[in-house]
Structures are given as structure tokens and as C-alpha cells.
Amino acid sequence: AAVRQGIVDTVQKAVSDPQVKSVVICGQNGIFCGGADIKEFGKDISGPPLVPVFHAIESADKPVVAAIEGSALGGGLELALFCHYRITHSKARLGLPEVTLGLLPAAGGTQRLPRLIGVPAALDLITTGRHVTAAEALKLGFVDQVIDQNTVEAAVKFALSVVGQSLESRRISTLPCPCPDADALFEGVMQKVRQRARGAIAPVTCVQAIQAAVTLPYAQGMQREQELMATLFTSAQARALQYCFFSQRVVSRWSMPSGARWDTSKPKPVTKVAVIGLGTMGRGITVALAQAGLSVVAVETEQQQMIAGQRAVSDMLERAAQRRGVSSAVYRVRYSMKLEAVADVQLVIEAVFEDMVLKEQLFKQLSSICKADTLLCSNTSALDIDHLASQTRSPQLVVGMHFFAPAHVMKLLEVVHGPRSAPQAVATAMELGKRIGKVSVAVGNCRGFVGNRMLMPYSQEALFLVEEGASPEVVDRALEEFGFPMGFFRMSDLSGLDVGWRVRKADGLVKPGQMSRVRQGRRYCPLGDLLCEQGRFELPRGYRARQGLVSRRIDSKEVLERCLYSLINEGFRILEDGIAAGPEDIDMIYVFGYGWPRHRGGPMFYASQVGLDRVLQALEHYQQLHPDVPHLQPSRLLRKLVSSGSPPIHRWKEVIKKPHSAL
Ligand SMILES: CC/C=C\C=C\CC(=O)SCCNC(=O)CCNC(=O)[C@H](O)C(C)(C)COP(=O)(O)OP(=O)(O)OC[C@H]1O[C@@H](n2cnc3c(N)ncnc32)[C@H](O)[C@@H]1OP(=O)(O)O
């Protein structure tokens, strides 16, 4: 509000003072403007409206120049678009990211950008919210000059040089907004955007606003922009997306149950990393590390795997080099079939087959080959990090680094600390994750950590629903309409049914040929195992008949409640156990690693929006119907939160307070 007031007062003064011949608007400390203060949204903070004063800038009869350094984002870029000229530093980033916050650029962005750079380019920038470099902004035509020197000085010089020149063609509001074949273009774009949005409303509303720029005169288009923004501003989706923006930053400020924290733990410098195993995960991890400029030693002891892995890594790096316009020689990867090649690295990431015996052996070997202060990390997705640590001479230097496939693409990294992991080891893994562009979340050590532990009840419910009469398509459709890119069954097909089968076998749950629906004292669905054993895909009907199960009609509400609430319930248990530091950690794991729709904020945020009492009631209802399913038993924390009056999510920690830590 204070900045808005400052802009209004200063612009009015500069525009009306006859002594002032031209004006430069710049930011402080090398940053033009990151847009509106998102923390003000939803709060009763008043300040002057900006759009009228922005129009006063445009209609001024003296040149107004934006000197853009650092960032010009959202309202910041919109302000710059009201100026007559934009001089930009080469390192600046520009964009209209409002859509990522569930909004649209409502200070004229949707009406003015298409007039300046054309409708297709504006549609791309506004519906994706992507940030562009100064060079791309120049190419697209929304900045006038890109420079490497002092931007403010250059802008002042330029502003003085254009005094007295006509500003007519520089006023974007007066430009036409041509769009040949507008109907066909918007129909096609709308279809694509809807598909990509997976239920998010802001991208679709952005398209509608840009369409108004084509079909309405400028002033009416501006009004339409306001009306459309009003439908978004207080929406649940906008709240969820803004929660995600801040949560992504919250999780980088990690803490451990011991009290160790991000701001008191210094990471060790890492320049050389080894990756052990060149299967799918090892290849992606190698590429991610090499792309971030790290020197990588990739070890694979099996010859065929080495040949295939080396080829796959080289191809991926070649493509990355082409995209960046550099030679692939910039990437430093050395391959070896001998474990001894890792002797001089500072950090090892083990990515061998998910088999505890194999990993135990490997950690023992690594512990004797590597230097005493080398960090030993495992990419296991579920196994006990502390047990692996116990195989080494420095258990405090062992942590989990759980990547998600494909590891060079997926943004999530779970950094798993065991009870003996040193804060410095966690800090180092978190820092490395940041360096390679991951959203890193520190979590405690338990079976499946956070993400896969919560996936367990979700996947079991999906299978139970099929036992009871739903088809896999019905289950998947409900989940995909909710916003997941893939339902449980499509996801299982893609990742390979045998992956889960192997884990269940290791857990002693698989009994070949047996149909019993109770294993280890609880309800179990062997359908997935039977599919794998028989290589069959249309199993449910015959299976139900043999089990004497009577099919019933199952609607999408039940699918969602049983799959999602059981997953959420496990999330509450994880909070109770101190495995995740807060609900934001769980939510970011699900948004960045498991395809949870970002506009729904993550499972724990979703629960808070649905209402904790409703989640509790639904779980109690299903628990009564299925007393043999322990994961439907509402967690103590959920009950405690409901009996504390269901506080807002940012206050849950006050209720959790003293977790009975499992660490
Ligand atoms: C008439 C109405 C006029 C205009 C209305 C316009 C609507 C908008 O403008 S909506 C906002 C659009 N802007 C954005 O979405 C930008 C969001 N910010 C970013 O993308 C990045 O933060 C960055 C500006 C590129 C800087 O990145 P980086 O250097 O990596 O730092 P961060 O860790 O991301 O941020 C530092 C610190 O600042 C907080 N922050 C950043 N932007 C905002 C913001 N727009 N509002 C409030 N706070 C913001 C961020 O949360 C960090 O704070 P922490 O306390 O560390 O969390």
C-alpha cells in the first residue's frame, strides 16, 4: 500500500510539474518491481487504485521511460507497459505470472500486451505466466532496448534524448488489436488451455480477457478485465495457488526434530559427485547434476547397463546442450565400471536396484573407499536410511536423496534424515537439491518417507473400490477430473505393475496363486499381484465372482473421498510422528512429486478447504463400513484439530506442538 501511494504521489507530481521534461521510473536495489504484494491479497489493506494513475502516465505529454533491472513481473510489468519506453538490463526477467497465483493481469495486462506483441504471443505469456529473459522480451517486442551497463543511467540519457518527440505511437491503449480468424484461434486456444489447466479456472479466464481485447474497444476491454478478475480474486483456487507460492519458500527453511535448522547449519561445498547405478533413476540424476555444472562420476558395474546408460545420458545431455546453444562438452561426466572411481568425490548418490541386501553391501564398500568426510546418499524410495547408515563408519554423513522419475525433469527431492544424520549432511543435500533446481523437502525416516507412505492407503483404496464394483476407468476418471494428470491405474501401468509387486513381495505380502483377502491381519486386495502373475489385464469381473463379491455402483464422490481422505489421514499421522515439519512440506511433496493439482494447494490444504470436520465424518463413515481397513481409522491429530475448532492451516503447528516423534 505504501509503494502504491508513493507511485501515485510521485507520478502526479512529475507529470504536472512543467519543470520536468521527461521521467524515468526505476526500482530500488536493482529490482524494478515484483508486482503486487501477494501477502496483501485477502487482507483489508487499502491504498490508492493504480490504474487511473497508470493512465495518467500514458497520457502524459512528456516521455516516461521504465528502467528495468532484476524483475518486472505482474503489476510491475504492467506499470512498465504504461510507460512510453522500456530500457532493460540483459539479466532482467519479465512476465505476467498472475495466472500461477490464480489471477489474471488486471492492471491492463490482458488488454495492452496483445496490442503490443500480437494476440498469439500474449496468449502464450499470460496463460502460462512464464518469465522471459530480456533478450526474448526484445524479440517479442515489449521492451525497446537491452543493455549491459547501468540501466538507470542509460534510461535517463535516453529519456532526455527523446524530449519533444511525438508520443502518439507509444501509447499502447491507442493501438489496434488485430487478430485474423479470431473465432477459430480462440476456439483452438481455449481447447488447449482447458486441457492443460486440468480444472484450473485462471488460465481459461485469461483467454476470455484477451478475447475481450480483440472484440471490445479499449475502455470496455479494461472493464471486462476487471469483471473477470473479480471472479478470480476471492476464489478458493487463487487462495490455494498463493498458498503454494509461499509454501514452496517455507519448505526451504527446514528444521529437524532435534532443533537443527536451515539457518544454523552450514552446507559443505560440493563440486564433484558420484552416481552409482545407471538405471532409469541413475541416468536422470546424472543428467540433473551435470546440467547444474557439477563434475559427475557415473559408476555402473554391469556392462550392458553401462552401454545403454552411457548412451542415454549422452543423448539427454546433447539435447540439453542444443536447447542452451552450447557444446555438450561443457558437461563433465566420467564413466567407470569400478567403484574405486568414486574415491575422491565429496558426495555419492546411490541409485542401484531397490534391494536392501544389495544396498547394505554397497554402503559398506563405499564407506571404505570414500574419504571419511564424504556424504553417502541413497535414492531409495522407501527403505530404512538409518539401517543403511549403520553399515558405514560415519552414520552421521548418511541421508536419503529421493528423486522422482524422470529425475532430470521432476522438481521434487525428498531429503531424508535418519536419527543419526548430522544437520550439516542435511544442509548439504538440501543445498545440492537447490543447485540442481529441485524443490527440496527435508523429511524424517520411515517406511516410504512422506510421499510413498501416503500413497499406500490411496492405492489400496483404489484397489478396494475395484473389488467392490468400480471399474479401473471409473476410479481413474474421478481422480483425473479432480486434476491429477493420471489416475491410479494409468499411473501404475505407466510405472510398471511389477514395481509395486516387487515391493509387496519384499514385504511378505504376496502369496502366489492365493486369493486370500486378508494379509498380515488386515484387508488386502491381491488383484495387482494376480495381474502380474498371470499377465492378464481384464481380471476384476472373474475375480469378484470367484471371491463371491457383489458389485455395486460406485460414484466419483466415494472414489475421491476414499482415495484422497485416506491419503490425507496418513498425512496427519506423518505430522503427528514428526516425519514432516509442517503441512506445507507434505503439500509441496504432493504438488511437485505426485501430480496433485496445484490449484487445490496440496492434500493438507485441500483438507483444510473441505473442512476438517467433514473429512473426519467421512473417514468415520467409511471406517464403520470397512472395519478391517486400519488406514480409514481417523488419526489422533485430525480428531485433535477438529476438537480444537479446526484452526486454519497456518495454525496447525500450535495444535501439533509436541509430536510423539518416531525418530
Ligand atoms: C492495480 C493492480 C496492480 C497490479 C496487480 C498485479 C497483480 C500482481 O502483480 S500479482 C504478483 C505477481 N508477481 C509475482 O508473481 C512474482 C512473485 N515472485 C517471484 O517470482 C520471485 O519471488 C522473484 C520476484 C522472481 C524473486 O525471486 P528470488 O530472488 O528467488 O527470491 P524469492 O525467494 O522468490 O523471494 C524473496 C522473498 O520475497 C517474497 N516475495 C517475492 N515476490 C513477492 C510478492 N509479489 N509478494 C509478496 N512477497 C513476495 C518471497 O515470498 C520471499 O520472501 P520469504 O519471506 O523468503 O518467503
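User: By class, which residues make up the shell around the ligand?

Analyst: Keep in mind that this is a predicted model. Sort the shell by side-chain class before looking at single residues. Here the shell has nine nonpolar, five polar and five charged residues.

User: Which residues come nearest to the ligand?

Analyst: Gly34, Gly35, Ala36, Gly74 and Gly75 come nearest, out of 19 residues around the ligand.

User: Next, strand β4. How many of its residues are buried?

Analyst: A residue is buried if 20 or more other C-beta atoms lie within 10 Å of its own. In β4, residues 85-89, five of the five pass that test, so the strand is largely enclosed by the rest of the structure.

User: Which residues of β4 lie on each side?

Analyst: Read a strand one face at a time. Tyr85, Ile87 and His89 are on one side of β4, with Arg86 and Thr88 on the other. Both faces are covered.

User: Zoom out. How many helices and strands does the protein have?

Analyst: Count the elements, then look at overall size. The protein has 28 helices and 17 strands. Its radius of gyration is 28 Å, close to the 26 Å that the globule rule gives for 663 residues, so the protein is as compact as a globular protein of that length. The C-alpha trace spans about 90 × 60 × 50 Å along its principal axes. Buried residues make up 45% of the 663. Of the contacts with a separation of 6 or more, 71% join residues 24 or more positions apart.

User: Where does UniProt place the annotated domains?

Analyst: Set each annotation against the fold. An unreviewed UniProt entry lists "3-hydroxyacyl-CoA dehydrogenase NAD binding" at residues 272-445. That span is 38% helix and 23% strand, with end C-alpha atoms 26 Å apart. The entry also places "3-hydroxyacyl-CoA dehydrogenase C-terminal" at residues 448-539 and 559-646. Residues 559-646 are 68% helix and 0% strand, and their end C-alpha atoms are 24 Å apart.

Note on methods:
Residues are numbered from 1 along each chain as its sequence is written. This is a predicted model: local features need pLDDT of at least 70, side-chain atom pairs count only at pLDDT 80 or more; totals for chains, interfaces and linings use all residues. UniProt positions are given in the numbering used here, feature names are shortened, and annotations may be inferred rather than shown by experiment. Helices (H or I, at least four residues) and strands (E, at least two) are DSSP runs, numbered from the N terminus. The radius of gyration is taken over C-alpha atoms; the globule rule is 2.2 Å times the number of residues to the power 0.38. A residue is buried if 20 or more other C-beta atoms lie within 10 Å of its own, exposed if 12 or fewer, and partly exposed in between; C-beta atoms are placed from the backbone. Two residues are in contact if their C-beta atoms, placed from the backbone, lie within 7 Å. A residue is near a molecule or strand if its C-beta atom, placed from the backbone, lies within 6 Å of it. Ala, Val, Leu, Ile, Met, Phe, Trp, Tyr, Cys and Pro count as nonpolar, Asp, Glu, Lys and Arg as charged, and the others, Gly among them, as polar.
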